[in-house]
Amino acid sequence: MPELDADDKVALSLTEVLQPTSTEHLVFAGSVADMLKKYPLADTIRDAEWVMFEGETVAHVSRIYHDIGADVALTYTQNCSAPTLAKQQCGIRMEDANSHAVRLAFKSASPFVVGTLGPSCLNDSSSDEEAEEAYEKQARTLVSKHAHGVFLDGMPDMYHLTVAARGAYYGAHARELGAYRPMIGSVVLGPDGNLADGTTPYEVIERARDLHLDCVSIEGLDCVGAEARSSRLVDAASNAGISILVRIKADTRAEERTEQAQMDDMQAVQIATRDLAQSGIRFVGPGFGAGPEMAGVMADTFDQL
């Protein structure tokens with residue numbers, strides 16, 4: 001194993017912070033895509049094109065999240081796997097897009113930069129084997145450019161999560177690349193509070209160690225839902241020996257956000273963050289439709305606690 005450099009040591013630090021016995025709190029950045037949607041013709045620009053040709057805009061969004069309170073920057077690489085780029089026929093290499101995206105995330109000056117892999121690897125592959133290889137190669141690229149961890153984002157069911165974890169594990173734990181990188185598996189809950197295949201978030205947590213996950217991220221809960229499930233999530237995580245990240249979605253849609261609605265949303269986020277922290281959940285972040293202001297409220301709430 002090579003001598004550890006500064007980023008390897010930061011990766012080890014992130015692994016320690018993610019341990020269930022740690023007492024530290026972290027605020028994760030929210031969606032870069034939600035912010036980019038506000039730009040003209042955003043719907044016509046693919047993720048890899050944003051990274052390669054509008055990099056300063058992507059870096060600017062990451063800096064906004066950091067400046068307002070996020071501790072963890074996430075690379076904008078959910079749809080930058082080799083199968084997805086081949087399907088798009090955009091002429092961009094996976095290695096180039098992911099390497100550049102890591103550099104852009106580092107511009108945020110966040111203490112931790114985590115490389116993101118989305119479900120597109122499996123969605124755009126012809127087989128599980130091809131998808132696993134794509135996840136491994138993308139994870140290796142992110143780690144080789146010094147990302148401090150790996151984030152399996154937007155997994156709709158256990159099938160997607162299992163394939164992603166199997167592939168990414170070999171990239172995140174490649175000894176020749178230095179220190180092992182922690183893996184965070186993010187699952188999306190539907191209106192019924194479960195994954196698309198009916199798996200409950202508690203069952204995902206129970207299986208996390210088998211998938212080599214250090215942390216499970218829960219996506220799709222609003223403030224009320226997050227508070228209602230917090231105690232049970234903490235109990236499940238304690239039994240499994242892992243940590244939990246809760247990314248809270250916006251309570252109101254963008255077109256309905258009056259000034260009063262925004263104030264009400266942020267007050268609800270403040271209360272939810274406080275209650276989550278007091279229940280034992282130490283990692284939070286903005287989820288679907290939420291922006292940097294939520295990260296700021298979360299960071300301020302942690303500071304007050």
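How do the residues of the lining of the largest pocket divide into nonpolar, polar and charged? In this predicted model, the lining comprises 17 nonpolar, 15 polar and 7 charged residues. Of the 39 residues that line the pocket, Ser 31, Ala 33, Asp 34, Tyr 76 and Gln 78 are the closest to its centre. Several elements of secondary structure take part: α2, α3, α4 (55–68), β2 (72–74), α7 (120–123) and β4 (149–155) each supply at least two residues of the lining. The greatest contribution is that of α2, which gives 4 residues.

The helix α2 (32–36) also marks one end of a loop that deserves attention. This loop runs between α2 and α3 (47–53), and Leu 41 is located within it. Leu 41 is not a glycine, yet its phi is positive, at about 60°. Most residues other than glycine have a negative phi. Leu 41 counts as exposed because its relative accessibility is 65%, where exposed means over 50%. A second residue with a positive phi is Gln 89, likewise not a glycine, for which the angle is about 55°. Gln 89 is placed in the loop between α5 (82–88) and α6 (94–106). Its relative accessibility of 72% is the reason why Gln 89 counts as exposed.

The 13 residues of α6 should span 18 Å at 1.5 Å a residue, and the end C-alpha atoms of the helix are 19 Å apart, which agrees. The buried residues of α6 are Met 94, Ala 97, Asn 98, Ser 99, Ala 101, Val 102, Leu 104 and Ala 105. They are covered by elements that include α3, α4, β2, α5, β3 (112–117) and α8. Two of these elements, α3 and β2, are also among those that each supply at least two residues of the lining of the largest pocket.

Charged pairs are the next topic. Side chains of opposite charge can pair when their charged atoms come close. The structure holds 13 salt bridges. In one of them, the side chains of Arg 140 and Glu 136 meet with an N to O distance of 3.1 Å. Both residues belong to helix α8 (residues 128–144), and because they are 4 residues apart there, about one helical turn separates them. In an α-helix there are 3.6 residues a turn, so residues three or four places apart point the same way. With a relative accessibility of 27%, Arg 140 counts as partly exposed, and Glu 136 is partly exposed at 23%.

Elsewhere, salt bridges that share partners join Arg 93, Glu 95 and Asp 96 into one network. Which residues does Arg 93 meet within it? The side chain of Arg 93 forms a salt bridge with that of Glu 95 at 3.5 Å, N to O. Arg 93 also forms a salt bridge with Asp 96, and here the closest N and O atoms are 2.9 Å apart. Arg 93 is partly exposed, its relative accessible area being 46%. Glu 95 is partly exposed at 32%, and Asp 96 counts as partly exposed at 33%.

Is α9 largely enclosed or largely open, and why? Of its 15 residues, 11 are buried, so α9 is largely enclosed by the rest of the structure. Burial here requires a relative accessible area under 20%. The buried residues are Met 158, His 160, Leu 161, Thr 162, Val 163, Ala 164, Ala 165, Gly 167, Ala 168, Gly 171 and Ala 172. Among the elements that cover them are α7, α8, β4, β5 (183–188) and α10 (201–207). The length of α9 also fits expectation: at 1.5 Å a residue, its 15 residues should span 21 Å, and the end C-alpha atoms are 20 Å apart, which agrees.

Leaving aside residues up to four places away in sequence, His 173 touches Tyr 180 and Arg 181. His 173 and Val 114 are 59 residues apart in sequence, and the distance between their C-alpha atoms is 14 Å.

Note on methods. Residues are numbered from 1 along each chain as its sequence is written. This is a predicted model: local features need pLDDT of at least 70, side-chain atom pairs count only at pLDDT 80 or more; totals for chains, interfaces and linings use all residues. Side-chain values use heavy atoms; hydrogens and water are left out. Buried means under 20% relative accessible area, exposed over 50%, partly exposed in between (1.4 Å probe, protein chains only). On a 1 Å grid over the protein atoms alone, a cavity is a set of points where a 1.4 Å probe fits but cannot get out, and a pocket is an open set with protein on both sides within 12 Å along at least five of seven lines; lining residues have an atom within 4 Å of a point. Ala, Val, Leu, Ile, Met, Phe, Trp, Tyr, Cys and Pro count as nonpolar, Asp, Glu, Lys and Arg as charged, and the others, Gly among them, as polar. A salt bridge is a side-chain nitrogen of Lys or Arg within 4 Å of a carboxyl oxygen of Asp or Glu. The expected span of a helix is 1.5 Å times one less than its number of residues. Contact means heavy atoms within 4.5 Å.
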